[in-house]
Amino acid sequence: MSGAYSSLLVLHLLGLVTRDSYEVLKQSGRVRSGHKLLFAGIFAAMTLLWVGWFAMCPFDPFPLRIPSLVRWTGLGAVILGWGLGIGAVVQLRGLEDIDRLITTGLFSRIRHPLYTAFVFWIVGWSLFHGAGLSMAVGILGIGSILFWRRLEEQALISRYGDLYRDYRARTWF
């Protein structure tokens, strides 16, 4: 395994662990999500997580022979993910401390379009590059995303109750 791949892998995994830890601490009430310096640190960790991901897949030490159609479908998933991610951030008008339940636009069909975008990035980029080890690492990333989603949904149920339960029943992911 090359030094570049190993370094990028560590960067990616540290980003995941940092975000997971933040979510646990936020859920337990040990940190406030509105703290600007803390948010800047988490934003930096997420940036490093994604820089690590997008940079490491091309260097994967265990390349797989992926049919061209599947590779290009992977790239399509990445592009779709970017569209979902940008659309979600624009619609939310922020990334943290959203003070309202958004149920229109992208959110009328997908509860978590940004998390969905993250899954598309992981699956699509590793497929596009035929990155065998990265695909395995991507499973950890998807597990983290599902964990973040679960914690966020618990908080939204606590805050909005039946309004959120009804919304959840009519939307995907």
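Is the crossing of α3 and α4 left-handed or right-handed?

Modeller: The crossing of α3 and α4 is left-handed (the near helix is turned anticlockwise from the far one by less than a right angle; clockwise would be right-handed). The model is predicted, with local features needing pLDDT of at least 70 and side-chain atom pairs pLDDT 80 or more, whereas totals for chains, interfaces and linings use all residues. Residues are numbered from 1 along each chain as its sequence is written, and side-chain values use heavy atoms, without hydrogens or water.

Helix α3 covers residues 68-92 and helix α4 residues 113-129 (helices are DSSP runs of H or I, at least four residues, numbered from the N terminus). Their axes lie 7 Å apart at an angle of about 155 degrees (lines fitted to C-alpha atoms over the stretch in contact, with angles from 0 to 180 degrees between N-to-C directions). The two helices are therefore roughly antiparallel (over 145 degrees; under 35 is roughly parallel, 65 to 115 roughly perpendicular, the rest oblique). The contact of α3 with α4 has 18 nonpolar residues, five polar and one charged (Asp, Glu, Lys and Arg count as charged; Ala, Val, Leu, Ile, Met, Phe, Trp, Tyr, Cys and Pro as nonpolar; the others, including Gly, as polar).

Helix α4 also packs against α5, their axes coming within 10 Å and crossing at roughly 175 degrees. These two are therefore roughly antiparallel as well. Among the residues that meet are Tyr115, Phe118 and Ile122 in α4 and Gly138, Ile145 and Trp148 in α5 (contact means heavy atoms within 4.5 Å). By class, this contact divides into 10 nonpolar, four polar and two charged residues.

Helix α5 (residues 132-160) packs in turn with α2 (residues 36-56), at about 155 degrees and with axes 11 Å apart. That makes α2 roughly antiparallel to α5, and their crossing is left-handed. On the α2 side the contact is made by Met46, Trp53 and Met56, while Trp148 is one of the residues of α5.

Trp148 also belongs to a cluster of linked rings, which includes Trp72, Trp82, Tyr115, Phe118 and Trp121 (rings of Phe, Tyr and Trp, its six-membered ring, pair if their centres lie within 6.5 Å; planes under 30 degrees apart count as stacked, over 60 as edge-to-face, the rest as tilted). The charged end of Arg71 sits over the ring of Trp72, 5.9 Å from its centre (NZ of Lys or CZ of Arg within 6 Å of the centre and within 35 degrees of the ring normal).
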